[in-house]
Amino acid sequence: MTAAVHGFAGEGDASVRLARELGIDHHEVEVRHFPDGESLVRAAPPASSTALLFRSLDRPNAKLVEILLAASALRDCGAARVILIAPYLCYMRQDIAFHPGEAVSQRVVGRLLAGHFDGLMTIDPHLHRIASLDDVVPGIESVNVSAGPLLATAIDASSGSLLVGPDGESAQWVEQLAQARGLEFLLGRKQRKGDREVALAIPGSERVSGRPIVIVDDVISSGTTIIAAARQLRSAGASSIDVLATHCLAGREDLAQLREEGIRSVRATDSVAGPAAVLFTAGLLAKEIRRRDWHR
Ligand code: R5P
């Protein structure tokens with residue numbers, strides 16, 4: 001018996017694309033919200049001992065509870081192994097207490113998931129000060145899939161674009177892409193002052209004048225970082241500005257704001273459903289699932 005993908009209704013087609021890529025069944029997990037805010041979760045009985053529960057964990061608070069309920073339902077219906085496929089993994093940025101009294105949410109959420117799933121696959125989680133996903137979800141098999149090869153195919157190397165990472169945390173992604181496509185890159189320096197306020201400088205911006213720019217980042221959240229970078233690049237004479245990101249959490253309004261700032265396009269993977277999600281990850285995920293025999 002082969003495994004099946006269990007994807008949540010109404011959250012885009014990424015889970016369906018993954019099942020199709022693997023050549024296995026897709027079943028919808030239904031969620032009903034009660035008037036008091038609680039969720040009723042209903043999963044289809046799995047036909048094999050392995051269930052691949054697919055859910056991206058953007059807007060995560062209710063989703064976290066619902067995936068725990070879904071995992072429990074799948075086990076009650078006979079799944080011996082429940083693997084979480086979460087293309088976007090939430091709460092990864094708070095990896096230390098930046099101020100006394102703050103919860104280290106990365107550690108709390110990682111351990112919660114480790115306690116309820118037999119394996120975890122995600123795409124480029126924001127691991128800044130932590131070396132490995134195994135440290136975040138201890139004791140289960142965890143897989144970090146890189147979207148780098150997919151982002152690289154989205155860059156037209158013949159355009160002579162200059163890649164720009166807006167801050168030190170984007171260095172690993174921008175360096176990888178620059179090397180893959182043989183392009184130059186610049187790295188900005190960012191200081192965050194609030195949720196929607198950053199101070200950003202781009203050393204070397206004298207190389208920007210007259211050139212097409214691709215800003216590369218792992219996460220677009222409010223869009224504040226990208227806007228600050230775009231302003232610098234426009235005043236340095238960029239001929240065009242496009243944005244490439246692994247995860248785009250920004251909603252329609254924030255994306256409209258990016259367009260108003262003169263950004264020509266924003267493209268991201270389908271790790272989070274939305275208007276920017278044009279780069280499909282099913283092939284990358286399926287390859288790693290097959291490598292581990294999780295599809296059987
Ligand atoms: C953090 O360093 C990340 O790489 C992103 O730059 C950041 O999360 C983006 O957030 P926002 O879009 O709210 O500026």
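**View 1. Lys190 and the ligand.** In this predicted model, a side-chain N or O atom of Lys190 sits 3.2 Å from an oxygen atom of the ligand.

**View 2. Arg93 and Ser222 at the ligand.** Here are two further side chains to look for. Ser222 places a polar side-chain atom 2.6 Å from a ligand oxygen atom. For Arg93, the distance from a polar side-chain atom to an oxygen atom of the ligand is 3.0 Å.

**View 3. The shell around the ligand.** The ligand has 15 residues around it, and those that come nearest are Glu169, Asp217, Asp218, Ser222 and Thr225. By type, the shell holds seven charged, six polar and two nonpolar residues. Which elements give two or more residues to this shell? They are strand 10 (189–194), strand 12 (212–220) and helix 7 (224–235). Strand 12 provides the largest share, with four residues.

View 4. How many disulfides does the model have? The count is zero, taking a disulfide as two cysteine sulfur atoms within 2.5 Å. Cys90 shows why: the closest cysteine sulfur to its own belongs to Cys248 and is 17 Å away, too far for a bond. Cys90 is also buried, at a relative accessible area of 2%. Cys77, in contrast, is partly exposed, and its relative accessible area is 36%.

Notes
Residues numbered from 1 in each chain as written. Predicted model: local features only at pLDDT ≥ 70, side-chain atom pairs only at ≥ 80, totals over all residues. Heavy atoms only, no water. Near = heavy atom within 4 Å. Polar contact = N/O pair within 3.5 Å; in protein donor to acceptor, adjacent residues only side chain to side chain. Nonpolar A, V, L, I, M, F, W, Y, C, P; charged D, E, K, R; others polar. Buried < 20%, exposed > 50% of the residue type's maximum accessible area, 1.4 Å probe, protein only.
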